[in-house]
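Keep the sequence and the 3D view side by side as you read.

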Amino acid sequence: MANIIQVKDLKKYFGKLHAVDGINFNVEKGEVFGFLGPNGAGKSSTIRCMMGFNRPTGGSVKLFGYDMSKDSDIAKRHIGYLPGNVKLYDKWTGWDHIRFFENVRGKSANVDSLIERFDFNPNAKFRHLSSGNKQKLGLILALMNEPKLLVMDEPTVGLDPLLQYEIHKVLLEMRDRGTTILISSHNLPEVERLCNRVAIIKEGKLVAVESIKELADKKLHKIEVHFGDKFKPADFQVEGVETVEQVANGLLITAGGNLNPLLRTLARHNIVDFEITHASLEDVFMKFYERAK
Amino acid sequence: MFAFAKRMFRDKYKSFIVYSLGAVGFVEMYIALFPAIRQQSVQIDQMLKSFPPELFKAMNMDPSTLSFSTLESYLSTEYMSFLWPILAIVFAISVANYISANEIDKGTIETLISLPTSRIRIFAERYLMGLLLIVGFCVISMLGAIPFAILHDTSFVLSNFVTAAVGSFLFIWAIYSLAVLSSVVFSEKGKASMATSGILILMYVINIISSLNANLKDIRYFSFFNYFNGSELLAKNVYPDYILLAFGGFAVISTIIAAIWFNQRDLSV
């Protein structure tokens with residue numbers, strides 16, 4: 001399948017600060033690719049180089065095969081971009097922004113339906129809009145020309161759950177229509193819900209590029225068990241077990257991979273209560289981070 | 001077509017009207033006072049001649065044209081030597097800041113450059129629209145005196161005003177280009193304005209020092225104010241060839257540097 005995004009040995013240095021330090025990844029057509037990392041990890045710097053806003057110190061970014069340092073204006077015909085904190089022109093109304101975008105990008109066929117869907121008032125000046133409505137306008141501008149690639153830098157940060165849900169719904173519809181989406185976030189449930197594959201970035205370097213399924217397979221299990229007989233915590237340090245913590249008449253165990261050795265050990269005891277749950281993606285994310293330390 | 005230029009016009013036309021009408025308003029005030037002043041011109045001219053010539057040189061005025069006997073010499077002293085340059089410089093800086101520094105400062109530049117247009121096109125459309133506004137300002141603020149001169153039944157020489165409009169445009173074009181360069185180099189509107197203003201103040205000081213100290217007279221070539229003489233343009237109708245070379249040359253070179261800088265720099269900070 002064709003690579004829509006090709007990032008090769010990308011570096012972005014600000015003096016001594018290595019914001020992005022030689023990262024590589026590709027995103028295929030139709031993929032929803034999550035870019036994970038805490039604040040300051042290098043997510044936004046990568047996206048800014050990708051979009052041609054900032055010039056890379058080294059390496060290259062190609063979108064639709066176009067080098068973003070030279071031919072970004074051609075590639076951007078097919079790209080919708082939404083930053084986390086949309087900054088538009090205070091004195092312009094929503095319509096002013098929409099018309100300006102249409103003057104550059106061409107007439108939009110779906111702007112009215114987007115306005116209706118998001119229940120957005122395009123007659124208000126940008127400075128009078130709430131943060132949620134500002135984000136709605138940003139989303140309308142990003143989607144109004146039906147882009148083939150959607151780049152979103154923390155698009156739901158600071159939004160109420162209803163609007164977050166609506167944005168997720170739109171993104172899932174776009175995914176179903178085959179739009180390639182790159183979404184940077186530190187909202188792990190959001191990434192888990194939307195993405196096929198994720199890259200985890202730490203201090204400007206990629207620490208993992210995995211499919212969501214692979215990440216899910218690596219997921220830890222949390223097991224809380226209570227015994228009716230005597231037990232020794234040390235007996236449960238078997239294959240797959242990461243931590244064993246003693247609670248009243250029982251244990252709190254985290255385990256990953258093959259659970260059978262642990263279940264066989266547990267079966268030797270008189271169990272009065274047993275609960276097993278999946279650890280969150282956040283736990284997996286933290287595990288990557290701890291491993292990269 | 002020309003979406004960026006058209007949008008700039010929509011955003012800046014109000015300040016264009018305010019500055020242009022402001023200049024025309026001052027011109028009307030000066031012309032309305034002129035008949036009364038002309039009646040006293042002999043006494044005023046004698047009084048002016050009693051001042052040391054260095055004083056006028058320090059204020060970028062030509063002592064040989066200091067006279068209130070004609071409208072052109074009167075306006076060149078009252079209007080072109082101080083008020084008009086200040087209005088024009090402030091307007092040029094405000095237009096130049098719109099091109100880049102203001103956008104970076106407010107964070108709106110990301111929206112602009114996420115659109116499928118090259119940076120050079122954005123720069124060129126905005127630069128040329130700014131230049132058009134400045135041409136308009138120079139024409140209105142200079143030739144705007146003509147209807148008021150007719151209204152107040154004051155004689156005038158049209159060619160002097162045309163020469164003044166052309167010469168003053170070249171002067172402001174150079175300042176506008178300097179301000180555009182500051183606008184693309186700095187990421188904050190305040191810093192860009194300060195840089196341009198600082199350089200212009202330095203040039204003004206250089207011009208004063210060079211006129212007062214014969215040993216330092218050659219440093220005047222580093223000052224725009226050495227090449228801009230409102231009295232020569234408006235009062236004498238003299239259009240020195242070197243001002244095209246000095247102002248035009250500076251404007252073209254600084255514009256090319258600004259375009260390259262804008263194309264290469266990190267715009268999202």
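Start at Val238(A), which sits in the loop that runs between strand 11 (221–227) and strand 12 (241–247) of chain A. Strands (E, at least two residues) and helices (H or I, at least four) are DSSP runs, numbered from the N terminus. A word on the source: this is a predicted model, in which local features need pLDDT of at least 70 and side-chain atom pairs count only at pLDDT 80 or more, while totals for chains, interfaces and linings use all residues. Residues are numbered from 1 along each chain as its sequence is written, and chains are lettered from A and ligands numbered from 1 in the order in which they are written.

Setting aside neighbours within four places in sequence, Val238(A) is in contact (C-beta atoms, placed from the backbone, within 7 Å) with Pro261(A), Leu262(A) and Thr265(A). Leu259(A) is 21 residues away from Val238(A) in sequence, and their C-alpha atoms are 9.4 Å apart.

Now zoom out. An automatic or database domain assignment divides chain A into domain 1 (3–215) and domain 2 (218–292).

Finally, turn to the partner chain: 18 residues of chain A are in contact with 17 residues of chain B. On the chain A side, helix 3 gives the most, with 4 residues.

Methods
Two residues are in contact if their C-beta atoms, placed from the backbone, lie within 7 Å.
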